[in-house]
Amino acid sequence: AAPIAYKSAQTDDIIAYINSLDGNTWTAGRNAKFEGMTVDEVRTWMGALPGGPQLEERSVFANADLPDTFDSRTNWKECTDVISTIRDQSECGSCWAFATTETASDRLCIAHAARNNGSASFVRLAPLDLVSCDGGFFNNGCQGGDPGSAMDIIKGHGSVTEKCLPYLKSEGGPVPTCADEPCLKFVETPRCSKCSGYDS
């Protein structure tokens with residue numbers, strides 16, 4: 001049976017329900033970041049919007065002998081520090097931009113390692129570049145966007161680095177966090193700003 005809809009994002013009942021499901025490969029628990037938040041408040045961070053361009057279907061893996069488990073941190077050890085890093089999007093529905101820049105950054109590291117006999121060089125791309133400056137038809141800053149459209153932007157126009165255009169205010173960017181600013185319920189999309197070397 002489906003769980004009852006809860007107003008609170010975290011309750012002992014919903015955690016127990018999730019953990020009772022057959023086939024779970026993980027254990028639900030409380031997360032301090034979401035404590036006291038409603039489901040609607042948490043939903044504002046889920047900014048991946050439907051309706052963008054669809055990725056090309058590939059059948060190459062359809063009949064492949066896939067492993068029972070796979071961990072990219074062990075498969076690409078030279079990129080472990082990068083792949084295992086969890087970033088903070090703060091009070092902004094920018095998960096679509098983080099997912100896209102993290103995927104592109106990881107793929108750059110993996111490709112670099114493959115070309116250089118396991119010696120990897122990593123550059124972290126800037127999610128703020130997509131959030132504030134994308135301007136793509138399907139993307140709307142902190143109000144959500146489409147990862148497929150965002151990847152097309154990176155493929156077609158490139159992206160600056162996180163060092164060049166930082167995201168969090170605590171790291172020199174425009175987006176506040178509860179840790180270093182008054183805890184805002186939601187932030188507006190920061191204005192697009194270019195940094196030195198934007199076109200490089």
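Visitor: Where is K33 found in this structure?

Guide: K33 is found in the loop between α1 (12–20) and α2 (39–43). Please keep in mind that the model is predicted. At 39% relative accessibility, K33 counts as partly exposed, because that class covers the values between 20% and 50%.

Visitor: How far apart are K33 and S90 in sequence and in space?

Guide: The two residues are separated by 57 positions in sequence, and their C-alpha atoms lie 9.9 Å apart in space. Among contacts in the protein with a separation of 6 or more, 67% join residues 24 or more positions apart.

Visitor: How many helices and strands are there in the protein?

Guide: The protein has seven helices and zero strands. Read along the sequence, the pattern is accordingly written α-α-α-α-α-α-α.

Visitor: What share of the residues counts as buried, and what can be said of the surface?

Guide: The protein has 200 residues, and 34% of them count as buried. Its accessible surface comes to about 12900 Å². Carbon and sulfur atoms account for 53% of that surface.

Visitor: How should I read a nonpolar core?

Guide: The general idea is that nonpolar side chains tend to be buried together in soluble globular proteins. In this structure, the largest nonpolar core holds 21 residues. The members that touch the most other members are C92, L130, V131, L165 and Y167. Three helices, α5 (95–115), α6 (127–133) and α7 (147–157), each supply at least two residues of this core. The largest share comes from α5, with four residues.

Visitor: Which residues does L165 touch, leaving aside those up to four places away in sequence?

Guide: L165 touches A126, L128, D129, V160, S193 and C195.

Visitor: How is a pair of aromatic rings described?

Guide: Such a pair is described by the distance of the centres and the angle of the planes. A search of the whole structure finds two aromatic pairs. F70 and W76 form an edge-to-face pair, with 5.8 Å from centre to centre and 75° between the planes. The angle leads to that name because planes over 60 degrees apart count as edge-to-face. F70 counts as exposed at 53% relative accessibility, while W76 is partly exposed at 22%.

Visitor: What are the values for the pair formed by F98 and Y167?

Guide: F98 and Y167 also form an edge-to-face pair, at 4.8 Å centre to centre and 85° between the planes. F98 lies in helix α5 and Y167 in the segment after α7, so this pair ties together parts that are 69 residues apart in sequence. F98 is buried, at 7% relative accessibility. Y167 is buried as well, with a relative accessible area of 1%.

Visitor: How many salt bridges does a search of the whole structure find?

Guide: The search finds six salt bridges. In one of them, D12 pairs with R30, and the closest N and O atoms are 3.0 Å apart. D12 lies in helix α1 and R30 in the loop between α1 and α2, so the pair ties together parts that are 18 residues apart in sequence. D12 is exposed, with a relative accessible area of 54%, and R30 is partly exposed, at 42%.

Visitor: Which side chain meets that of E35 in a salt bridge?

Guide: The side chain of E35 meets that of R30, at 3.0 Å from N to O. E35 is partly exposed, with a relative accessible area of 43%.

Visitor: Where do the partners R87 and E102 lie?

Guide: The side chains of R87 and E102 meet in a salt bridge of 3.0 Å, N to O. R87 lies in the loop between α4 (80–83) and α5, whereas E102 lies in helix α5, so the pair ties together parts that are 15 residues apart in sequence. R87 is partly exposed, with a relative accessible area of 23%, but E102 is buried, at 12%. Salt bridges that share partners join R87, E102, R124 and E162 into one network.

Notes. Residues are numbered from 1 along each chain as its sequence is written. This is a predicted model: local features need pLDDT of at least 70, side-chain atom pairs count only at pLDDT 80 or more; totals for chains, interfaces and linings use all residues. Side-chain values use heavy atoms; hydrogens and water are left out. Buried means under 20% relative accessible area, exposed over 50%, partly exposed in between (1.4 Å probe, protein chains only). Contact means heavy atoms within 4.5 Å. Accessible areas come from the Shrake-Rupley method with a 1.4 Å probe; for residues, only the protein chains shown count as cover. A nonpolar core is a set of buried Ala, Val, Leu, Ile, Met, Phe, Trp, Tyr and Cys residues joined through side-chain atoms within 4.5 Å. Rings of Phe, Tyr and Trp (its six-membered ring) pair if their centres lie within 6.5 Å; planes under 30 degrees apart count as stacked, over 60 as edge-to-face and the rest as tilted. A salt bridge is a side-chain nitrogen of Lys or Arg within 4 Å of a carboxyl oxygen of Asp or Glu.
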